[in-house]
Amino acid sequence: MAKDKRSIEERTMDPAAQEMLQRAELLGLSTAFDRADGMAPCPIGSAGMCCRNCGMGPCRLTKADDRGVCGATISTIQARAMARAIAAGTAAHSDHGRDMALTLKAVAMGEAQGYEIKDEAKLLKVAHIYGVDTNERTAKEIANDLADLFIAQFGQQKGRLAPTYRAPKKRQEIWERVGVMPRGVDREVVDVMHRTHIGDDQDAGNILKGAVRCALADGWGGSMIATDISDILFGTPMPNLTQVNLGVLKNDEVNIVVHGHEPTLSQMIVVACQDPEMIEYAKSKGAKGITLSGICCTANEVMVRQGIPAAGNFLHQELAILTGAVEAMVVDVQCIMQAVVDLASNFHTEIITTSPKVMITGATHIEFDEHRALDIAKEIVRRAIDNYPNRGETQIPNIAHDVVPGFSHEYINYMLGGSYRGSFRPLNDAIMSGRIRGAAAVVGCNNPRTTQDLFHYQIVKELLANDVLVVQTGCGAIASGKYGMLLGEAALELAGPGLREVCEATGMPPVLHMGSCVDNTRILTVLTQVVEEGGLGDDISELPAVGLAPEWMSEKALAIATYVVASGGYVIFGGSSPVSGMEKVEGSNAVERLMIEGWEEMFGGKLAFFESYEKMLEETLAHIDKKRAALGLPAYDPSRFGKSGDWRMNEIEKLSEKERKTALYGHPATAGD
Ligand code: XCC
Ligand code: SF4
């Protein structure tokens, strides 16, 4: 069923993306935006009412009393689909964590070419958390034990995952009581796959309980391990100045784009691109140098650590190729559209897959192996350079914005407390006084079925105006960067009076880019530390905080949402619910109710889906105010702080577009070349 084709402005609010969509049209090439317009989602499948878990089906249920051939109800089918999506998301994040653990092991054994333990302080800190002996031992000895401990988490059969001890005490008790304490990462994924097989778990509530346990194995397991090891091997992120959007590509340099999620290979490509020998080689082919940039979370990994610019978020993967200026797009795992290979065949761009788990028909496969990491990275960079003379006509949008990413929880601690006494006290105090109304994590994907970035942008902007501190990861963070909101001064202009006062006093920007999607575990750590700091209750569920994924699309997003809910958070997703079916049919939905009322009763958190960003905002602010009231904190009242209706903002409103951008961002737009 074809839908109406949307205008370019309805497809994306990003001017760089708009320019590339025009170019695509001119060249007669299709993108995800066209394909989304051309294919309406299957109404039964998108509502989770289609089951194809056995050969008696697929069974499509559309009425409340419909049953599958096996007798399964809509609730069972929806819960099973949701659980399987969560298991897939958990598997993806956690397999990434496993690869990191195996790399840490190889580094400890001296077998990983080019890698080292970059952040010994973090190694010691993490070793201490997990009770690994650090006395009079070398970094490699400690790393070896830690790697073994991490690797064991994946195959563990009994007991509980070690990272779960890092949660607030009260939270751990809830997980034990409800029976969702994760045992082993792989075990929980297998458990969900088993219980959703034909003829197994056929009680929606119990299926979802299994799904929660699995999601916890992601957030307080695989993902948390991935973040810690990335910091140990590549350095804990600290703020740095870099740029975001397609304008980071250079017309006169070799452009290499890294895309996907894992930092292992991309970190080596960073090294290879900076090798003087490689730069000389690029010059010998007529280029001025080599420009490395990223897409999706691989971008985030190298952006928060090395300040490598991001060419864009999820929906920019095709748009980067459309510039005609990309010599190689090097992909690892997750969020890589098969379409990039077809699209690239219209240009000189070479798509290089590198993971044994991810091959794409028609792409070049150069398999990554941490034992020869630097050699492989150099081989890839050399290939890209060799491809430079094949470049045809190019069109790079002259749009890129300055950003300051890299706010790890360690850095936030340090920024707020100072180097001698890292502390969340100033943050807690600001929330308690009402200067900061609450906090929101605005994270997650782009989805071509909504206007790219619009929900991210509107929500972050409005939250700032309402004195809500915003933390970000993933493609949501890159979205904010594209509109100048990851730059302290610019974002401050959007902040309400209380939030601005706090930011000015502490030097903390009001929007904090904390890393990639697996780094959502940094947010769990911050929330735990805020609880432990005192004054805001004794559990995450009591905090005036909300998690939002306004443009979600991936199964990983569902896994993240579920572990945040099980950790006590209210999570709001934009767009359509994968379990919305019964609402359409009957006006009420058992599975949705389980995820709202059921989970709230069990965990103090809930997961809800809303189609409009206005509704998402309204819910966010209402939840924050409700939690403030429950804690006995003063009601939010912006007139008590600073001066509302800031004069500078009023002045800026009167300016022309170009003058306003200059006033907000320091420049009208910065070009890449
Ligand atoms: Fe993928 Fe992490 Fe989503 Fe972006 S945000 S589209 S998952 S890259 Ni996680
Ligand atoms: Fe149909 Fe049941 Fe088989 Fe699902 S498991 S396809 S509902 S018969």
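**Helix H6**

The model is predicted, with pLDDT of at least 70 needed for local features and 80 or more for side-chain atom pairs, while totals for chains, interfaces and linings use all residues. Residues are numbered from 1 along each chain as its sequence is written, chains are lettered from A and ligands numbered from 1 in the order in which they are written, and side-chain values use heavy atoms, without hydrogens and water.

H6 spans residues 120-129, and its Lys122, Leu123, Val126 and Ala127 are buried. These four lie on the same side of H6 because they cover an arc of only 135° around the axis, taken from the directions from the helix axis to the C-beta atoms. I noted that the cover over the buried residues of H6 includes H7, H10, H17 and H23. Just after H6, Gly131 has a positive phi of about 70°.

**Helices H17 and H23**

I then turned to two of the covering helices. The axes of H17 (residues 409-417) and H23 (residues 520-533) come within 9 Å and cross at roughly 40°. H17 is therefore oblique to H23 (angles under 35 degrees are roughly parallel, over 145 roughly antiparallel, 65 to 115 roughly perpendicular, the rest oblique; axes are lines fitted to C-alpha atoms, for helices over the stretch in contact, with angles from 0 to 180 degrees between N-to-C directions). His409, Glu410, Ile412 and Asn413 of H17 meet Arg522, Thr525, Val526 and Gln529 of H23, contact being heavy atoms within 4.5 Å.

**Salt bridges**

I found 45 salt bridges in the whole structure (a side-chain nitrogen of Lys or Arg within 4 Å of a carboxyl oxygen of Asp or Glu). One of them joins Asp37 to Arg11, with the closest N and O atoms 2.9 Å apart. This pair links distant parts of the chain, Asp37 in H3 and Arg11 in H1, 26 residues apart. Asp37 is buried at 2% relative accessibility, and Arg11 is buried with a relative accessible area of 2%.

I also recorded a salt bridge between Lys615 and Glu618, at 3.8 Å. Both residues lie in H27, three residues apart.

Finally, I traced a network of salt bridges that includes Lys122, Glu410 and Arg522.

Key
Buried < 20%, exposed > 50% of the residue type's maximum accessible area, 1.4 Å probe, protein only.
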